[in-house]
Amino acid sequence: MLRYVLRRILYAVPILVGVALLTFVLFYASASPQSLARRNLSTRNPTQEQIQQWLKDHGYDKPLSVQFKNHVTGLLVFRFGKSDATGEPIWNRIKQGAGPSGLVASLVFLTGLTAAISFAVAVAYFRGTYVDYFGTFLCVLLMSIVFIVYVIGLQYLLGKILKYGPIAGFQTGIAAWKFVLLPVVIGVLAGLGSETRLFRTFLLDEINQDYVRTARAKGVGERAVLLRHVLKNALIPIITSTVAAIPALILGSLVLENFFGIPGLGSYLIDAINSQDFAVVRAMVYLGSILYIVGLILTDIAYALVDPRVRLE
Amino acid sequence: MPPLLQVENLRTYFHTPRGIAKAVDGVSFQVEQGKTLAIVGESGCGKSITALSLLQLVPEPAGYIEGGRILFEGRDLLDLTWDQMRRVRGDDIAMIFQEPMTSLNPTFTIGYQLVEAMTMHGKFTGAQARQRAKDLLARVGLQDPAQALRQYPHELSGGMRQRVMIAIALSNEPKLLIADEPTTALDVTVQAQILALIRDLQREQNMGVLLITHDLGIVAETSEEVAVMYAGQIVEYGPTSAIFHEPRHPYARGLFASLPARGRRGQDLATLEGIVPPPTAWPPACRFEPRCAYRWDTCAQVPPKYHPADSDRPVRCHLYDPEIADRPARGAAPIAKEPVAPDPTVEAAR
């Protein structure tokens, strides 16, 4: 197991080098340092000297090969440098933003997954009855409503009608729950319909397997059949589909953070994209790919825990 | 004393897109304590559904038990509540299935699945159950029971898994064992071992056994009685020796003629032409009539009686019914050598 994880981490190195190369190429394909300097300099019509000075400060005056070397080595050892736009050290902002972002994203992920599995088990238990039909109808309804409607609708309901409190912003510590509640509820709601329907299908696929008939023939009750025998087997496809949804989760929290004014990494990245802050974008893309690789490794470990036929070797 | 299991006029139907499929249509039989009844027939004749119906494990919601009585020790299982029936399963009546490769849960250890069967009915506590699990695995012939308890199904061969299934089935010392084609998926050498094991355990525990099979060779070795099923009905029912000695129903005659025999060495084996019609389109009168070599006009018009007067055992055939005036002499040669072409409506429904 440990050897497997170590090997997977080593495999990640070439992937990350590839990511670094790609971000570098894409950056030079999309904008020249000259125009970047013009955009980021505060004066309206910068002189040539000011531009040269800016390029020198940010390291864009060196030959491309040196720039590339600095770019790759900087990323690999997590030396992200300063923001092109503000000159602020990037690490500081990432450290500040990681808390709120991690809080929202992990809450959306965990409550979303738990809720979807619970609902799926419930409708699977009542399969073929009106509870099942009604549940499926609700799922389709949830899936059919555009994300933004939840955001505006719930903000209006809680903020304007119920006067529940702040509908955007953030505060650290215990008070954070007030600001996090709404985005988490919306993040969960947005994925609930499709996930419940998908997981219900996985469960029903397993319910018709021979081993379920064996369990029933042993005298195992219907509830235990579903929660013990069926659920453990259905977790295998559930894990697969959940990992496939991780990029969507990251994207989703970018949007959520923006709507709710949460000072997380999502809003940091979107601001950086808008202001063509290359130094920040490359750092965020790099961190994003690391998160994704870690997610994949965790998935493999989860597989091995659920399915004894899977061996990590 | 009533027999261990008495099934009367059992009917199990399925809703299908083509209408109602009468998979089991008026089946009656009984199993005595310590004795074996074999139900034989081709694929699709309803023998597995009969077995599943006894435990009320017919796939829902398409399948349902339309009527009949399943008397176990005099008590009708169809009158029990869901939870009472759950307590009968695996305790009084246990079942082993045809597919050892898929009948065990791949994500739980053998030990867990065996112990679960025992603790489920409250007869054993955890520690007792684990010890008994080890003993059972040794009894069914696993080399290293302690290790097998920790193994997962995919680590065992098909024969080993079927032994585990038998251990699970016998863990609560059931009074009746239903074995649905227990050896079909196994190698011939393993088949003999498994059958011998079931027979030994049956003697030890004085169980009744209901054996579902299409293999007549197995029937001769294991069963006191045979029921021959065709198209959802029993067409002949009686002591094994009598039926093997003199099969009466034309379908049973065909089945036994297809067995290799010393006297017919060198000749081609006889085959039964045609296949079982789909259960949504059983022929209206005698269900074997389209394939029957002895049929005449009445066979397509009047359903034959289950137990006609000229036979000392049930034979669902007009040849044994003195009330059918135009029946030919029983010893007569088959009337039509070649069965007629299959009914086009039956073909269309397929």
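## Overall build of chain B

Of the 350 residues of chain B, 45% count as buried. The model is predicted. Eleven helices and ten strands make up the secondary structure of chain B. The C-alpha trace of chain B spans about 70 × 50 × 45 Å along its principal axes.

## Chain A: domains and confidence

Chain A has two domains: domain 1 covers 2-76 and domain 2 covers 95-274. Their centres, taken over C-alpha atoms, are 37 Å apart.

The mean pLDDT of chain A is 85, and 99% of the residues score at least 70. Among the elements of chain A, helix H9 (residues 210-218) has the highest mean pLDDT, 94. Helix H2 (residues 33-40) of chain A has the lowest, 74.

## Where the chains meet

Chain A puts 20 residues into the contact, and chain B puts in 24. On the chain B side, helix H2 (82-88) and helix H3 (110-119) each supply at least two residues. The residues on that side of chain B comprise eleven nonpolar, seven polar and six charged.

## The four-stranded sheet

Chain B has an open sheet of four strands in the order S2-S1-S4-S5, with antiparallel pairing. Strand S2 (19-31) and strand S5 (75-76) of chain B stand at the edges. Each has a single partner strand, so one side of each lacks a neighbour in the sheet.

S4(B) and S5(B) run antiparallel and are joined by two bridges. One residue pair here is Leu71(B) with its bridge partner Asp76(B) in S5(B).

## A buried strand: S9

Strand S9 (225-230) of chain B has six of its six residues buried, so S9(B) is largely enclosed by the rest of the structure. Glu225(B), Ala227(B) and Met229(B) point one way from S9(B), and all are buried. Val226(B), Val228(B) and Tyr230(B) point the other way and are buried too.

Strand S3 (residues 36-40) of chain B pairs with S9(B) in the parallel sense, over four bridges. Ala38(B) has Val226(B) as its bridge partner in S9(B). S10(B) pairs with S9(B) in the antiparallel sense, over six bridges. Tyr230(B) has Gln233(B) as its bridge partner in S10(B). The hairpin of S9(B) and S10(B) has two residues between the strands, and Ala231(B) there takes a positive phi near 50°.

Helix H10 (250-257) of chain B holds several buried residues: Pro250(B), Tyr251(B), Ala252(B), Arg253(B) and Leu255(B). What covers them includes helix H8 (216-222), strand S9 (225-230), strand S10 (233-239) and helix H9 (240-245) of chain B.

Thr271(B) lies in the loop between H10 and helix H11 (344-349) of chain B. Thr271(B) is exposed, because 9 other C-beta atoms lie within 10 Å and the cut-off for exposed is 12 or fewer. Thr271(B) and Leu255(B) are 16 residues apart in sequence, and their C-alpha atoms are 8.0 Å apart in space. Thr271(B) is exposed, whereas Leu255(B) is buried.

## Backbone points to check

A cis peptide bond joins Glu60(B) and Pro61(B), with omega about 0°. Pro61(B) is in the loop between helix H1 (47-54) and strand S4 (63-72) of chain B.

Glu181(B) and Asn206(B) are not glycines, yet Glu181(B) has a positive phi of about 45° and Asn206(B) one of about 55°. Glu181(B) is in the loop between strand S7 (176-180) and helix H7 (188-205) of chain B. Asn206(B) is in the loop between H7 and strand S8 (208-213) of chain B.

Methods
Residues are numbered from 1 along each chain as its sequence is written. Chains are lettered from A and ligands numbered from 1 in the order in which they are written. This is a predicted model: local features need pLDDT of at least 70, side-chain atom pairs count only at pLDDT 80 or more; totals for chains, interfaces and linings use all residues. Domain bounds come from an automatic or database domain assignment. Two residues are in contact if their C-beta atoms, placed from the backbone, lie within 7 Å. Ala, Val, Leu, Ile, Met, Phe, Trp, Tyr, Cys and Pro count as nonpolar, Asp, Glu, Lys and Arg as charged, and the others, Gly among them, as polar. A residue is buried if 20 or more other C-beta atoms lie within 10 Å of its own, exposed if 12 or fewer, and partly exposed in between; C-beta atoms are placed from the backbone. pLDDT is the predictor's confidence in each residue, from 0 to 100. Two strands pair if DSSP finds at least two bridges between them.
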